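Please open the structure in the viewer and keep the sequence at hand. The tour makes two stops.

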Amino acid sequence: MKKLLLSFVLISLLASCDLEREPLTNASLFSDEVLAQRELTDSIANPNNAYDYCGQLFSELHEAYYATSRDSVGLDTLLLEVERVASGVIAYTAIKPLDYQSPLPERIHYFVAAKDTCLSSVLKGTGISALAASGFSEFLEEYLILCDSTADYAVIYSYVQHYEASVIGDSRFNAFDKKVLLITTSIARYSAAAKKKRPKKNTDPAWDFLICGIYGSIEGAASSPAEAISLAVAAAIAENQ
């Protein structure tokens, strides 16, 4: 019986090694503060999304920014300040590519100034397929309605998770489509949790608006997860400050 049990454990371990995972699903790369909130994070995470770590890092970097810089920063320097804070987040530096280039501050100006009209332009600029762009536009419309409603976070989580499952399982989307969409939905899930679910202190930043962070995420995702995270954080701060 002991031999049988041992064999089962070994087979399980070997099977788990075969699963393809992004490198940052390893919780040891995240800060102690984030690990201390593991129970909360588990209720926000979607393990079926290989880019779930992007949402986790988005939340960590957003909180780290406000922990170190409470003063309003001009839009021209905001992104540089976010990247300065990000340089102290180990998990972020682990995914930052060597050829990373800072997005132009003008993009944050654009997101904030044209937030009611720029979605189609942002989507077109990413290079994702027309089918992916159309489906995401429909998803985003309902997502924003839910976030602005009295719906519990569980309702929003279920909605986002179902959309992610449809993206993962749709053979009409190529790998690039799926990467851009799943990075963005991961950040959208964690953004909604910050707005709806995360316990608030008097010093916590406001989460009145979400759309500019989504724009930053989807535009940055076309280049890299690191750019999606930094641009989303900067755009979200700009919209809410």
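How are H5 and H13 oriented to each other? Select helix H5 (residues 75–86) and helix H13 (residues 225–240), which pack at an angle of about 135° with their axes 9 Å apart. H5 and H13 are therefore oblique to each other: angles under 35 degrees count as roughly parallel, over 145 as roughly antiparallel, 65 to 115 as roughly perpendicular and the rest as oblique. Axes are lines fitted to C-alpha atoms, for helices over the stretch in contact, and angles run from 0 to 180 degrees between N-to-C directions. Helices are DSSP runs (H or I, at least four residues), numbered from the N terminus.

This is a predicted model, in which local features need pLDDT of at least 70 and side-chain atom pairs count only at pLDDT 80 or more, while totals for chains, interfaces and linings use all residues. Residues are numbered from 1 along each chain as its sequence is written, and side-chain values use heavy atoms, with hydrogens and water left out.

H5 contributes Leu75, Leu78, Leu79, Val82 and Glu83 to the contact (heavy atoms within 4.5 Å), and H13 contributes Ser230, Leu231, Val233, Ala234, Ile237 and Ala238.

Now move to Thr126, in helix H8 (residues 119–126). Is Thr126 buried or exposed? Thr126 is buried (under 20% relative accessible area, with a 1.4 Å probe and protein chains only; exposed is over 50%), at a value of 7%. A polar atom of the Thr126 side chain lies 2.6 Å from the backbone oxygen of Leu123. The backbone nitrogen of Ile128 lies 3.3 Å from a polar atom of that side chain. Finally, select Phe176, Ile218, Glu219 and Ala222, with which Thr126 is in contact, leaving aside its neighbours within four places in sequence.

Conventions:
Helix = DSSP H or I, 4+ residues; strand = E, 2+ residues; numbered from the N terminus. Polar contact = N/O pair within 3.5 Å; in protein donor to acceptor, adjacent residues only side chain to side chain.
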